[in-house]
Amino acid sequence: MIEISNLGKYFGDNKILHNINLKIEQNEIFAIVGHSGAGKSTLLRCINGLEKYDEGELRVFGQNIGKMSEQKLRYLRKDIGMIFQHFSLLEQKSVYENTALPMQLWGYKKSDIDKKTVELLNLVGLIHKKNSYPKELSGGEKQRVAIARALTLEPKILLSDEATSALDPKTTMSILDLLKTINKTLGITVVLVTHEMSVVKNAAKRALLLENGQIIGLGEIEQLFLKPDERMRKFLGEEDILPNHGVNIRLYFPSTVSDKAIVTAMARELNIDFNIVWGRLEKLGESVVGSLVINVDSEHVDIAKKYLQAKTDIFWEIIQ
Ligand SMILES: Nc1ncnc2c1ncn2[C@@H]1O[C@H](COP(=O)(O)OP(=O)(O)O)[C@@H](O)[C@H]1O
Ligand SMILES: [Mg+2]
């Protein structure tokens with residue numbers, strides 16, 4: 001659905017995006033994650049042609065974005081809705097009018113506009129506020145209006161640029177639930193740009209980690225969080241402080257074995273002592289995964305390894 005190959009982008013002499021390679025599949029919720037200034041918004045804006053790129057190729061629905069005329073891009077953007085951190089609603093217009101606006105701009109029939117507006121305000125749970133004005137709404141409600149507005153032209157893709165970043169955690173979750181519903185019931189592909197790990201973990205199936213315009217991680221989020229490599233750990237702010245005696249083993253628990261029972265069982269069955277250096281359980285979407293670092297005396301390493309080798313559902317590695 002979205003195919004990006006070797007994409008590079010400059011602002012003046014500064015290279016902002018380096019060699020981006022990425023495929024986003026139809027109907028998935030995909031997250032682009034990174035700290036402020038990483039290049040997330042720029043990459044998102046390249047997808048709908050609001051921003052030009054300098055190297056590589058970007059295709060959406062098979063069409064080469066870099067080679068399209070403004071006129072064609074305008075039509076393409078009908079298929080790509082967008083929402084933003086600060087909602088971008090018109091203050092002088094009501095909830096109904098804000099939602100209906102794109103259809104009016106495209107010259108839709110009044111009866112069609114009315115039908116669609118009512119349908120979408122119902123979907124986002126705001127039909128009872130259709131005559132309210134943005135200043136009378138909470139942040140979460142404003143974002144719901146923005147979402148309804150972004151769906152009026154029946155897009156196939158919804159781009160979300162930090163749509164929950166101005167919201168409190170509870171409202172964030174309710175907006176993410178709405179985006180998940182939209183993804184499921186309307187089959188819309190959602191690309192979420194965020195700097196918040198909690199958003200990624202809650203909503204996305206796959207994610208791309210961007211740092212200084214470079215991809216430092218790409219994959220299923222269970223994999224990214226379950227088996228973070230060094231750059232990913234740094235990104236997550238997890239510099240391991242490990243004991244410098246004995247041997248440190250990192251265990252990864254997939255969703256199916258997400259409790260510490262395995263560790264207790266290992267201690268009991270092998271009758272050896274080891275220390276838990278640190279452990280963490282994470283909720284990723286519907287599932288829970290965990291990782292744990294244990295420190296084993298050198299003399300017990302071999303039997304610990306043998307024990308773990310027999311457990312096919314646990315990943316592990318020796319770390320320094
Ligand atoms: N229009 C622009 N002109 C010049 N530099 C820009 C422009 N837009 C963004 N940048 C720079 O590009 C980098 C990436 O910005 P952006 O894509 O907004 O990052 P993010 O969304 O991850 O915070 C930043 O260093 C930013 O200062
Ligand atoms: Mg941004």
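I started with what covers the buried residues of α11, and found β11 (247-253), α10 (261-270), β13 (287-296) and β14 (315-319) among the covering elements. A reminder to myself: this is a predicted model.

Next I looked up which residues of α11 are buried. Helix α11 spans residues 301-309, and its buried residues are V301, A304, Y307 and L308. Why do they sit on the same side of α11? They cover an arc of only 130 degrees around the axis, so they share one side of the helix. I then turned to the other side of α11, where D302, K306 and Q309 are exposed.

Then I went on to the strands. In what order do the four strands of the open sheet come? I read the order as β12-β13-β11-β14, with antiparallel pairing. I noted β12 (274-284) and β14 as the edge strands, since each pairs on one side only. From one strand to the next, the twist averages 15 degrees.

I took a closer look at one pair. How many bridges join β12 to β13? I found ten, and the two strands run antiparallel. For a handy landmark when you click through the pair, I picked G279, whose bridge partner in β13 is L292.

Last, I checked where α10 lies. Helix α10 lies across β11, β12 and β13, and I noted that α10 runs at about 155 degrees to β12.

Terms used. Residues are numbered from 1 along each chain as its sequence is written. Chains are lettered from A and ligands numbered from 1 in the order in which they are written. This is a predicted model: local features need pLDDT of at least 70, side-chain atom pairs count only at pLDDT 80 or more; totals for chains, interfaces and linings use all residues. Side-chain values use heavy atoms; hydrogens and water are left out. Buried means under 20% relative accessible area, exposed over 50%, partly exposed in between (1.4 Å probe, protein chains only). The arc is that of the directions from the helix axis to the C-beta atoms. Contact means heavy atoms within 4.5 Å. Two strands pair if DSSP finds at least two bridges between them. Axes are lines fitted to C-alpha atoms, for helices over the stretch in contact, and angles run from 0 to 180 degrees between N-to-C directions.
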